[in-house]
Amino acid sequence: RGGPVTITNSKMLGAQLGILGVSSGTVRGNYIELGQNMRGDHNDAIQGDGASNLVLDHNSLLNPNDQTSALALYTEYGNNNNITVTNNLMAGGGYTCYCGDGASDNDGNAARAVNVSFINNVFWRKYFADAGSFGAGRAYNPAGGGRWVNNAFMNADGTVTSQQVPQPGLDGS
């Protein structure tokens, strides 16, 4: 966990983890495709944990595995605050996105995301019928003032649909 980062226009292929530990800054215009048949308890294209003041924009985040996610915004190390996830293409993982909220941090403190928004993203059914093996997302809580707006599914063949991705609940429903 460091200070603000800027990661732009990078291409990452074949890893188990793409960008790990991003806590603030801007991640824009990157292509991250994880390797197939990765082992381990985490396979994430981008993983943040207790992030603040973070922009994730125009990235392609692909995880062909049925484990973890394309985008993981966890809360083990604190709340997520002021995160904007816009115009990304995401596919795969157990859930395509762990969307920023959770029950508690590692110290047992209640987690509560503040101003975490997902706007104009595309959830691609490239690997799984629901974008992720278990679904498009989990752990999103709009109570902190964030927005879930205009997030659409894309079929496996690359056709963007008019079907909106339902706002996921805290438990993945």
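Which residues form one aromatic cluster? Select Y74, Y95, Y98 and F134, and you have the cluster on screen. Residues are numbered from 1 along each chain as its sequence is written. The model is predicted, so local features need pLDDT of at least 70 and side-chain atom pairs count only at pLDDT 80 or more, while totals for chains, interfaces and linings use all residues, and side-chain values use heavy atoms, with hydrogens and water left out.

**First stop: Y74 and Y98**

The structure holds 7 aromatic pairs (Phe, Tyr or Trp rings, the six-membered one for Trp, with centres within 6.5 Å; planes under 30 degrees apart are stacked, over 60 edge-to-face, the rest tilted). Keep Y74 and Y98 selected: their ring centres are 5.5 Å apart and their planes stand at 55°, so this pair is tilted. Y74 belongs to strand β9 (residues 69–74) and Y98 to strand β12 (residues 95–99), 24 residues apart (strands are DSSP runs of E, at least two residues, numbered from the N terminus). Y74 is buried at 10% relative accessibility, whereas Y98 is partly exposed at 21% (buried is under 20% relative accessible area, exposed over 50%, partly exposed in between; 1.4 Å probe, protein chains only).

**Next stop: F118 and Y140**

Now pick F118 and Y140, an edge-to-face pair with 5.9 Å between centres and 85° between planes. F118 sits in strand β13 (residues 114–119), and Y140 in the loop between β15 (135–138) and β16 (148–149), 22 residues apart. F118 is buried at 0%, and Y140 is buried at 3%.

**Last stop: R125 and F153**

Finally, show R125, which lies over the face of F153 at 4.0 Å from the ring centre (NZ of Lys or CZ of Arg within 6 Å of the ring centre and within 35 degrees of the ring normal).

Methods. Helix = DSSP H or I, 4+ residues; strand = E, 2+ residues; numbered from the N terminus.
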